[in-house]
Each structure stands twice: as structure tokens, then as C-alpha cells.
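Biologist: Hi! Could you walk me through this structure in plain words?

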Amino acid sequence: MSSTITRRSRLHRKEHQAALVFVAIPVIGFLLFTLFPLLFSVYASFTNWNGISAPVFKGLDNYTKMFGDRYFLKSLWNTVFMMIGIPVGLVISLALALAMNRKMRGTTIFRTVYYLPVISSIAAVAILWQWAFNGDFGLINQGLGLLGIDGPNWLQDTATVKPALIIMAVWKGLGYSMLLYLAALQSVPRYLYEAAALDGASAWQQFRHITIPMVRPVTFFLIVTSIIGGSQIFVEINIMTPTGGPEFESASIVWYIWQKAFDNLQMGYASAMSVVLGLLVFIITFIQFRLNRRNQFSID
Amino acid sequence: MSAQNVITTPPLETTEPIPGHRRDRTGNQPHRAKDGQHSTKNGLRLGNILTTLILSVGAIIMIAPLAWTFSTSLKTKDGVFELPPQWIPDPFVWENYARIWTAGPLLTGIQNSLIVACSVTIIGSLTSALAAFAFAKMRMPFKNVLFLGLLSGLMIPFPTLMIPQFTIFASIGWVDTLLPLIVPGLFGNIIMIFFLRQFLNSVPDSIVEAARIDGASYLQIFWTLIMPAIRPALAAQFILWFMAMWNDYLAPIIYLNSPGTQTLQLVIANFNAQYAIQTDYPLIMAASFIALLPVLIVFIVFQRQIIESIALSGSKG
């Protein structure tokens, strides 16, 4: 009796050891490349540090400085402003998904075409859109020229640089959200529509009271992940407007952090801004997890 | 979808016209085409034609920048500025694609990108799969706490970690080498672990138990039973990770300075900065197109897996 217990516990111990070895690799990676850097970032955010000599503790200096920093506030505002693309993209991609959910030919080809920008590298895409937005010979202005409109010099004009980046972001992300909506639409039970139709619901009413609620988890997921992604916009800015755009109009928060840290070597100040960014992302993710539970849309 | 016959509704032969019977927004066709519903059928066909038309216009807009890139890459330097613009270059300057290899370190860039993306995704996938196996099928104290701890790492954006990470790698002299891009990835990918763990829930515990009774080691079980079972999920995640590594820009731009170590994305960005001044747009576009090509090929070959895993990742949160 007691021998079976010891044998089982020995077996368990062996299993525990093997499992621990298997998970040790990612856990060590997490400690080295996530947890330690995170703690260091928080520490560095309270210091004056140029990345070369030792950090000097300065308390909340960096944080108070941030709120008087015109460029920080501007880059934060720019980042938030460029998120206008999120609702625009959602509406268009839902419409696209509805169109592609019809039983008709050619949807596979359409799916591929709309999805191509998603998988294309953002660096290459930024280059080709920079060219498309060229004031004299760009594709956009040539298209506008056909309609008799004299297009602006998109990326050099304070009024158009952000809209230009938004247009590009919508183009880039459309295929992804369309695909998620399509997957959601295909899992909506047909009998809901049939029952609604029998009750005399119009197409609009069906859309409003069946489709919208049924795809809400996807909408929610897309909004949250797009905000997280949008808050970290960098590559487009760095390639298309290398100096932060005309009058700093397109500088994003990550672009400003990057510039402060690696160009100006103000690592302490940049760390403080990166901690603020991290906090914002954490809050958004936390809300997502909380609301997910309410939406019956859990991770398990 | 098979939900079609979930509920057998009575045949739609009501004399009353059903409001909104076209139901084109939902994409539902009337499930039974009976006599007297030809108008519905015709309406549906008209709807399909209209939808195809609208989708086609959209598709042209979506593909235009990519097509314009390719078209420009085949023009002469002056042909770029011609008005009205030529969509079909005259003459075709295929020579641009020969010039780019000597105009900058494009080949080195491709090599570096391949080294980084391949080493990270191959080794990282193995370590991730091993961890997913342990998290899903093995007993261990504090297993869920560890797993949740790892998951919480996903909430921390890379920009928050990049300054300390840079300092760490600078202190051991790894800046301007590919190692800072490779080494963190070798420890696995939390998203991949998460999905493989989910996928393993559908594999019965009993096969692991049975193999244990037969005296197989956990490593043997992993290799002979688990790996074959998770292959489709592993393949999908592998492709997504590979594309992400191939397309990465922020981490490379922090660590890599000299042309010999830069990855492809940095090389084309430098092409862009350098040759724009000389208005050599065909060259820039040819290089950009080359940078797009590998991922386009991977996507066209593995389209189904990629689309399925994207749809899965979105709906599972």
C-alpha cells in the first residue's frame, strides 16, 4: 500500500521535473527579456541617464517634464488622432465581409487581393505609399487629376500628412478585419435570419438586431487590438516622414521615444515615456480581459 | 455552412410577400427555391452582380499601389515622370532588377533576414511546442501561475522594453550583430505556446498515459506523439511568426548600423532614403518589390493555413 504511494509520488516527481525543464526555456526568456527589462525601464524612468554613464536618481522629474514637453504632448495627440482610421476601417471591412459572405463566385480571389496588403512588409508598403503620396507624380494625385482635382503635397503639408497616414493604415489593415468578420458571419446560425424573416423583419432590422450583435465579439477584439497596435505606430512614420513630418505633425509616441533614446541619448526621459505607453497598453488590455468575461468570449 | 438544416422551417409559400426577402446583407439565400420565387432568385443574381462589381472596384483600389510599384520598377528614370502616367512601361526596363544587386547590399540583406527568421522560427517553434506540451499535458506544481505569468508578458509593448534590452545587448557587445534579434526568439513565443496549448486540449490525455505505461520518456512522447498531432497548428503559427520576423523593422533599426549586418527591411529603407535624392524611383520600387516577393510567395502557397489561423486567432481572442 505505502509502496504504491511512494512509487506514484516518485513518478509524479519525475513528471514534475520533466515538465519544469520543458517550460524553463520560455520562463527564463520571459525573465531575461521581459520582466527584467520592464523593471529596469521603471527604474530608469526615475533617473537622468544617457545610456553611457550611470543613471542618476531624479525622482519624478521625467514625469513632470513630460507634461510640459510640447513635443511629447503633440506626438501623443498625433498617435490618438491617427486612430480615426480604426472605426473607418471597421465599417468598410464589415461591409466587405458581408459582401463576401454571399454564395457567389470569385470570393476566394477577392479575399486574396484584399488580404495582400496585410502580409506585405510595412517597410515596403511605407515606401510605396510615400511614392503614391508624392505631390507631383504620385498615384493618388494622378487619380485625383482624372477627376479634375489638384491634389496636395500629402506628406509635406501639415493638413494632409495625418490623413495620408490614416488612408494608408486603413488600406493595410482592411483585409485582416474583413477576414475576422467573415469568420464570425459564417458562424451565425442561419435559423436566426429565417426566424426573423418569418416574423417580418426587414433586411436592415436583421442586420441591426442579428448581425451586429453576433459579430460584436470580433468588433470588440478588433477595436482593442487596433488601439494597442495603433498606439505603437512607428515604421510608417520613420520611413515616410523621417523628421516627424512637417512641424512635427506626424510624429508618433514611439517615434518620439525612439528619437529621444537613440538619437538624443536621453534614455531616462525616453524610459519614462515608454513606461507611460506601457501603462496605457496595459490598461487597454486589462479592460479587454474584463469585458471579455462579460461577453462570454473568454480565452479558454 | 451546414447550419442550413438546423431547423426545418415550413416551406416559404406564404402568399404575403416577405419583407426584405432578398436578405442580401446577410448573404443568406432562400433555402428552398420553389415555384413563384423566381423574382427572389433574379433579385439574388442581380445582387450578386452588383456585389461583384463593387468588390471589383475595391479590389482594383487595393491592388493599385502594388501594381504601381511593379510598373514603376520597370520604367526608365524619366518614364516615371511622364504625363499622362503609363501603367504599362514603354520600354520595359528589366535591367532595373539587375542594377539593384550592385546598387546596395540587397543580397546581404536577404541573407541576414533569412538567418534571423529561420533560426528564430525553427528553434523557437521547438521550444514553444515543448513548453505547450508541458502546459497542456503534464503535471507540475504552479503550472497555471507560470502560464498566466508568461501570458501577462503579452501586455507589455516592445517599446517599453527596448531601451533596457538595448543596454543589455550593448553591454555584452552584441550591438551591430544579428544576435539581439535571434537570441530572444530562441526562448519561444508566448502566442505560439498559447495556441498549441489550446490545440492540445483536443488530444486525449490517454495517449500520453498509455505511452508512459509502455515506458516511453517524455521527450519520446513529445517527438513521436505530440509533434505529429499538433502539426497543422504548428505549421500555421510557424508561417505567421516567420512573416513577422521577416517584416520586422523596429528591433533591427535599433541594433543594426553597418550595411553588412542589416536585414532586408532596413536595406530597402536605406535604398529609399538614398536613391530618392537621385530620383531613381525605378530602382527603389524594384528593391521594394523584391522585399515583398518572398512573403507574397509564402502567402500564395500557404494561403489556406494562414487565413484559417488568422480567423482562429481572432475569434478565440
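Biologist: Which helix gives the largest share of the lining of the second largest pocket?

Modeller: That is helix 11 of chain B, which supplies 6 residues. Keep in mind that this is a predicted model.

Biologist: How much space is in that second largest pocket?

Modeller: Its volume is about 590 Å³. The lining of the second largest pocket is made of 33 residues, and those nearest its centre are Gln130(A), Ile239(A), Met240(A), Pro242(A) and Asn272(B).

Biologist: Which elements give two or more residues to that lining?

Modeller: From chain A there are helix 6 (122-132) and helix 12 (235-240), and from chain B there are helix 11 (264-277) and helix 12 (281-301).

Biologist: And how does the lining of the second largest pocket divide by class?

Modeller: There are 20 nonpolar, 12 polar and 1 charged residues in it.

Biologist: OK, now the largest pocket. What is its volume?

Modeller: The largest pocket holds about 720 Å³ of space. Its lining has 32 residues, with Val91(A), Ile92(A), Leu94(A), Ala95(A) and Leu96(A) nearest the centre.

Biologist: Which elements give two or more residues there?

Modeller: Chain A brings helix 4 (85-100), helix 8 (161-186) and helix 10 (203-214), while chain B brings helix 1 (38-73). Helix 4 of chain A gives the most, with 10 residues.

Biologist: What classes of residue line the largest pocket?

Modeller: The count is 24 nonpolar, 4 polar and 4 charged residues.

Biologist: How many cavities of 30 Å³ or more does the structure hold?

Modeller: There are 5 of them. The second largest cavity has a volume of about 70 Å³.

Biologist: Which residues line the second largest cavity?

Modeller: Among them are Ser113(B), Val116(B), Ala117(B), Met245(B), Trp246(B) and Asp248(B). Helix 3 (106-137), helix 9 and helix 11 of chain B each give at least two residues to this lining. Helix 3 of chain B has the largest share, with 3 residues.

Biologist: And what about the classes in that cavity's lining?

Modeller: The lining of the second largest cavity has 7 nonpolar residues, 3 polar and 1 charged.

Biologist: New topic: rings! How many aromatic pairs are there over all chains?

Modeller: The structure holds 37 aromatic pairs. Take Phe282(A) and Phe286(A): their ring centres are 6.1 Å apart and their planes are at 20 degrees, so this pair is stacked.

Biologist: Why does 20 degrees make it stacked?

Modeller: Because planes under 30 degrees apart count as stacked, and the planes of Phe282(A) and Phe286(A) are at 20 degrees.

Biologist: Where do those two sit?

Modeller: Both are in helix 14 (residues 267-294) of chain A, 4 residues apart, or about one turn of the helix. Phe282(A) is partly exposed, with a relative accessible area of 39%. Phe286(A) is also partly exposed, at 41%.

Modeller: Here is another pair: the rings of Phe242(B) and Trp246(B) have centres 6.2 Å apart and planes at 20 degrees, so they are stacked. These two are 4 residues apart in helix 9 (residues 218-247) of chain B, about one helical turn.

Biologist: Is Trp246(B) buried or exposed?

Modeller: Trp246(B) is buried, with a relative accessible area of 4%. Phe242(B) counts as buried too, at 16%.

Biologist: Which rings are linked into a cluster?

Modeller: Ring pairs join Phe33(A) and Phe262(A) with Phe166(B), Phe169(B), Trp174(B), Phe187(B) and Tyr255(B).

Biologist: Which charged ends sit over rings?

Modeller: Lys162(A) has its charged end over the ring of Phe81(A), 5.4 Å from the ring centre. In chain B, the charged end of Arg197(B) sits over the ring of Phe147(B), 4.2 Å from its centre.

Biologist: Last one: how many helices and strands does chain A have?

Modeller: Chain A has 14 helices and 2 strands. Of its 300 residues, 53% are buried. The radius of gyration of chain A is 25 Å, whereas a compact globule of 300 residues would have one near 19 Å. The C-alpha trace of chain A spans about 80 × 60 × 30 Å along its principal axes.

Key
Residues numbered from 1 in each chain as written. Chains lettered and ligands numbered in written order. Predicted model: local features only at pLDDT ≥ 70, side-chain atom pairs only at ≥ 80, totals over all residues. Heavy atoms only, no water. Phe/Tyr/Trp six-rings, centres within 6.5 Å; stacked < 30°, edge-to-face > 60°. Buried < 20%, exposed > 50% of the residue type's maximum accessible area, 1.4 Å probe, protein only. Lys NZ or Arg CZ within 6 Å of the ring centre and 35° of its normal. 1 Å grid on protein atoms, 1.4 Å probe; cavity = no way out; pocket = protein on both sides within 12 Å on 5 of 7 lines; lining within 4 Å. Points joined across faces, edges and corners; volume = space filled by probe spheres on them. Nonpolar A, V, L, I, M, F, W, Y, C, P; charged D, E, K, R; others polar. Rg over C-alpha atoms; globule rule 2.2 N^0.38 Å.
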